[in-house]
Amino acid sequence: MYLLAIDWIFILEKFLLVGFIVSLSMVVAMYATYGERKVAAWLQDRIGPNRAGPFGLLQPLADGGKLFFKEEIIPLISSKFLFILGPILAMVTALLTSAVIPWGRPLHIAGRDVPLQVADINIGILYIFGVVSIGVYGIMIGGWASNNKFSLLAAIRGASQMVSYELPMGLSLLAVLMLVGDLKMSSIVANQVGEGFFNWHIWYQPLGFLIFFICALAECNRTPFDLPEAENELNFGYHQEYSSMKLGFYLFAEYINMFISGVVMATLYFGGYDIPFVNEANWDINQNLLALIGFAVLLAKAFLFVFVFMWIRWTIPRFRYDQLMKLGWARLIPLALFNMVITAAIVLWLKK
Amino acid sequence: MNITQILFWLLSVTALFGAMMVVTSRNPVYSVLWLILTFFSISGHYILLNAQFLAIVNIIVYAGAIMVLFLFVIMLMNLNKNAEPTRGRWIKFAGAISGGCLLLVLVAALRSTEVSSKSVQVGVGEIGLIKNLGRELFTNYVVPFEISSILFLSAMIGAVVIGKKD
């Protein structure tokens, strides 16, 4: 089917994939809120939510319903359009990153190769970086449109935190790019696939991974970097004036970010859809089944990171703002530069 | 009309409309937001030319970093009260004439270049991909590239020196 010189089956295929990935991220984020409360309860020796449904499994639905039915307040003198645009941008930028992630090996359906990746673009990793740098706007626009000095200050605090931690994140990514020699996400994963799990980049880039992990915590506004929502000492944050589902979207975007950054870390450092202890090339199994197992393995790795994020949240107290800036600029950037120079030297030495 | 042409016209209209709104918006915060939209549509043009690296760098550097700093400054200076002073008629007149002169010079300069006789290759060029671009920058143009990096470094050091408490 060709119309306007476009392969419409291709478009349909991509739409289905996008729909699936977006709804997957939503559901995962929804149950991440439940998981967070259960993990918190476990770490604090409580039971956690257990009233709605078996084991409290319907709790996220109840929370969502509650948020939808709450009264919605838009401050009178604030800019109404920008006030609504803020949470929209936060949600959109949280979901955009999923477009370049290779979720698994290609499926074979009816004679077609269906890649489980929305777009294998030439600049894959830079695209992620671009989306992360756009993510600041959701916070800034929302905080400014609230027309409240506390929201504005919190928005500027949050934005400067995100801008500061983008730099060491980018520098630690550069070291990975030197190992791979390509920016495509698919070749980053292909570089790690193999027998066992000693091809994974974590073995070559432990310091880079540590820096990336810390920066991911800061980019998601998670503890110990959750200054944008320090309600007791810093007056809540940029979403102070928000109520109902708009507040819900801001909080929800944080959980989506958490899931997506878990997937990104698994893809960059932990082999993506590579199944540990198995050499996929020699495994005599249906290719579609193999692709689905790889997808499940990627999800398992991502969930592990989400769990570590929660674990950290309920273990470590939050930084003071000057400590946060000092860590970002005076510790992580020199460390990331050092990591980059060492990696470059070793790559050059081995190639000679 | 094929899909590339449709996209081209869509992006051009967005870019021009955004640029007009940057100038005519009363509120500087809205101006910055329109400018971000303009940057995005220009990045779309770059992608049509298959210059993916340029497109994403345009978004990372301009929309993601420089515009954030603009927003910082504008929000902190609290310029959102339409604080623009009204200008006299003569100033407006002089502004229109000097702007028109600039337009005239630009159009005259563009007419004499070779650009108008060459049509753009859409979606076929490979030079905009990162591998070719990097090879080109580090072989043929390595001296200008390194000189511009030294320029940036000196600008950074200058900013640190100015910003330092003494």
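Student: How much area do chain A and chain B bury between them?

Tutor: This is a predicted model, in which local features need pLDDT of at least 70 and side-chain atom pairs count only at pLDDT 80 or more, while totals for chains, interfaces and linings use all residues. Residues are numbered from 1 along each chain as its sequence is written, chains are lettered from A in the order in which they are written, and side-chain values use heavy atoms, with hydrogens and water left out. Buried area is the accessible area (1.4 Å probe) that two parts lose on being put together, summed over both. Of the area between chain A and chain B, 80% is on carbon and sulfur atoms, and the total is about 2,200 Å².

Student: Which element of chain A gives the most residues to the side that touches chain B?

Tutor: The elements of chain A that give two or more residues to this side are helix 4 (124-134), helix 5 (136-145) and helix 6 (149-180), where helices (H or I, at least four residues) are DSSP runs numbered from the N terminus. With 6 residues, the element that gives the most is helix 4 of chain A.

Student: How many residues apart in sequence are the parts that the pair of A:Phe83 and A:Tyr242 ties together?

Tutor: The two rings form a stacked aromatic pair, 4.1 Å centre to centre with 0° between the planes (ring centres of Phe, Tyr or Trp, its six-membered ring, within 6.5 Å; planes under 30 degrees apart count as stacked, over 60 as edge-to-face and the rest as tilted). A:Phe83 lies in helix 3 (residues 80-96) of chain A and A:Tyr242 in the loop between helix 10 (231-234) and helix 11 (244-269), so the parts tied together are apart in sequence by 159 residues.
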